[in-house]
Amino acid sequence: MKKSALQTARAAYRPKLPVVLTGAVKAVEGEPTQSVADQEAIRQLFPNTYGLPELRFEKNPSPTPGKPINVGVILSGGQAPGGHNVISGLFDGIKKINKNSRLYGFLMGPGGLVDHNYMELTPEIIDEYRNTGGFDIIGSGRTKLETKEQFDKGLEILKELDIKALVIIGGDDSNTNAAVLAEYYKNIGAGVQVIGCPKTIDGDLKNEVIETSFGFDTATKVYSEVIGNIQRDCNSAKKYWHFIKLMGRSASHIALECALQTQPNICIISEEVEAKNMTLQEVVNDIADVVAARAARGDNYGVVLVPEGLIEFIPAVKSLIAQLNDLLAANADEFAALATPAEQRAWVIAKLTPENAATYESLPEGVARQLTLDRDPHGNVQVSLIETEKLLSEMVGKRLAELRKEGKYNGKFSAQHHFFGYEGRCADPSNFDADYCYALGYNAACLIEAGVTGYMSSLRNLTKPSVQWVAGGIPVTMMMNMERRHGEMKPVIQKALVKLDGAPFLKFASKRDKWALETCYTYPGPIQYFGPAEVCDQPSKTLMYEHPEKKF
């Protein structure tokens with residue numbers, strides 16, 4: 001395969017490890033931990049892996065030679081830039097422990113473990129994928145590891161390959177599954193450690209001890225580049241309103257970060273919509289008011305950023321979706337047997353509470369139908385299939401027609417629509433993500449050497465240069481609470497939503513009125529890999545605002 005000039009140059013990049021990981025380390029235990037909520041329920045479900053201490057790595061002045069260890073690795077869920085560097089760091093880390101250590105990749109996600117599909121990752125293979133985007137080294141998948149049969153089937157191949165540790169690279173659900181697997185293997189004395197790594201471009205896998213998930217930095221920089229390009233076009237043609245939907249089903253971190261980078265006229269934050277108990281029409285009215293105000297200034301153009309999961313945060317629609325999730329989980333066969341969309345619609349309305357039925361009937365039929373389509377593997381509405389950006393622009397157009405009749409609007413409104421999603425998931429990682437991911441993988445190897453299980457690889461102090469990052473491990477149960485899934489209460493890692501009293505949102509809120517009326521666009525341009533640190537190595541604005549005490 002012929003490589004591009006950039007591929008060749010990036011292959012030579014050497015990620016910068018935290019100083020503490022450059023030699024032998026020892027694990028220093030902190031205080032015992034507890035889950036963020038539902039402590040007793042989580043404790044009962046994880047008796048062997050609950051209450052473990054945080055770990056912090058320090059230099060080991062008296063290292064002993066490490067024994068060879070065989071390790072398995074799984075890429076789980078959607079792609080995120082930097083996954084290949086996690087695997088590269090893990091590979092180099094276990095080879096540093098002992099040059100005879102071996103790494104096996106399970107193919108196409110957790111299903112590869114269950115179905116015994118794997119390949120050994122050799123130095124030649126690893127070197128082909130260093131600093132590259134995508135998950136194509138071993139592929140990814142969304143199979144959920146949640147049954148005893150799956151765990152036992154996976155253990156067969158782990159024993160056959162003499163694998164003593166399994167690293168699962170995934171988001172909140174994948175790492176929840178990793179915690180369940182760690183508990184089961186610990187309980188039966190399988191002798192297999194399970195370590196997680198925090199992956200998701202959505203940015204909703206973070207807390208006080210996991211400062212950011214990998215891939216968020218790169219993906220938001222990719223999206224911000226194209227948003228900036230559209231804003232430049234918008235400011236040149238001066239005749240379109242661009243409605244741009246961005247990935248982020250459960251939280252608006254991507255939309256907020258892109259707004260901080262590009263300064264659009266409008267950015268909707270789902271968490272704020274929910275907190276204010278706004279209706280869909282109120283969201284539309286707010287957008288229409290800005291369109292009318294800009295038109296009064298002679299500016300019949302603008303940019304609106306829309307988080308993918310907005311529809312779920314509108315309280316009335318959220319209540320509807322929650323009932324639909326339970327209803328369809330419990331009556332899937334009955335619903336599927338209905339012959340026509342009209343019959344399905346009538347069946348749904350008859351089964352809903354009066355309030356939710358009214359909300360369902362008020363939605364455009366196409367959107368209402370999309371709420372009843374196939375669920376994702378976790379039983380949730382696939383909101384990425386709902387064309388929220390088109391729904392909003394259509395409703396804004398109708399509202400502007402009303403304002404025109406009232407003599408409150410005399411402009412022109414023409415909309416363009418975009419959805420930026422897959423474009424950002426497999427980009428070549430930024431220098432930040434290249435360093436962060438490599439260090440996460442290398443750090444995972446250190447957790448394996450420390451003999452622990454049920455931990456997530458953790459690096460902190462991320463707004464400092466990478467050599468100053470703090471390395472260690474966090475018990476996965478520390479991040480968990482109980483949530484309703486498929487009609488049942490399940491232990492899951494608590495998603496991190498945008499905090500309306502947090503520094504990133506407050507910064508945005510202090511500027512948005514000015515951005516709405518004036519044209520204050522900024523143009524980040526493409527990711528830069530070579531050049532001065534202030535251009536190439538900056539972390540996300542979200543991270544910098546959240547940790548201002550750690551000056552970059």
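Predicted model: local features only at pLDDT ≥ 70, side-chain atom pairs only at ≥ 80, totals over all residues.
Sorted by class, the lining residues of the second largest cavity are 4 nonpolar, 2 polar and 2 charged.

Rolling a probe the size of a water molecule over the atoms shows where empty space is left. In this structure there are 2 cavities of 30 Å³ or more. The largest cavity holds about 50 Å³ of space. Around the largest cavity lie Gly203, Lys206, Glu211, Thr212, Phe216, His253, Ser540, Thr542, Leu543 and Glu546. Helix α22, which covers residues 541–546, contributes the most to this lining, with 3 residues. The lining of the largest cavity divides into 2 nonpolar, 5 polar and 3 charged residues.

Arg130 sits in the loop that runs between α5 (123–129) and α6 (148–160). Is Arg130 buried or exposed? Arg130 has a relative accessible area of 15%, and buried means under 20%, so Arg130 counts as buried. The side chain of Arg130 makes a polar contact of 2.8 Å with the side chain of Asp127. Leaving aside residues up to four places away in sequence, Arg130 touches Ala11, Asn85, Ser88, Phe91, Asp92 and Tyr438.

Terms used
Residues numbered from 1 in each chain as written. Heavy atoms only, no water. 1 Å grid on protein atoms, 1.4 Å probe; cavity = no way out; pocket = protein on both sides within 12 Å on 5 of 7 lines; lining within 4 Å. Points joined across faces, edges and corners; volume = space filled by probe spheres on them. Helix = DSSP H or I, 4+ residues; strand = E, 2+ residues; numbered from the N terminus. Nonpolar A, V, L, I, M, F, W, Y, C, P; charged D, E, K, R; others polar. Buried < 20%, exposed > 50% of the residue type's maximum accessible area, 1.4 Å probe, protein only. Polar contact = N/O pair within 3.5 Å; in protein donor to acceptor, adjacent residues only side chain to side chain. Contact = heavy atoms within 4.5 Å.
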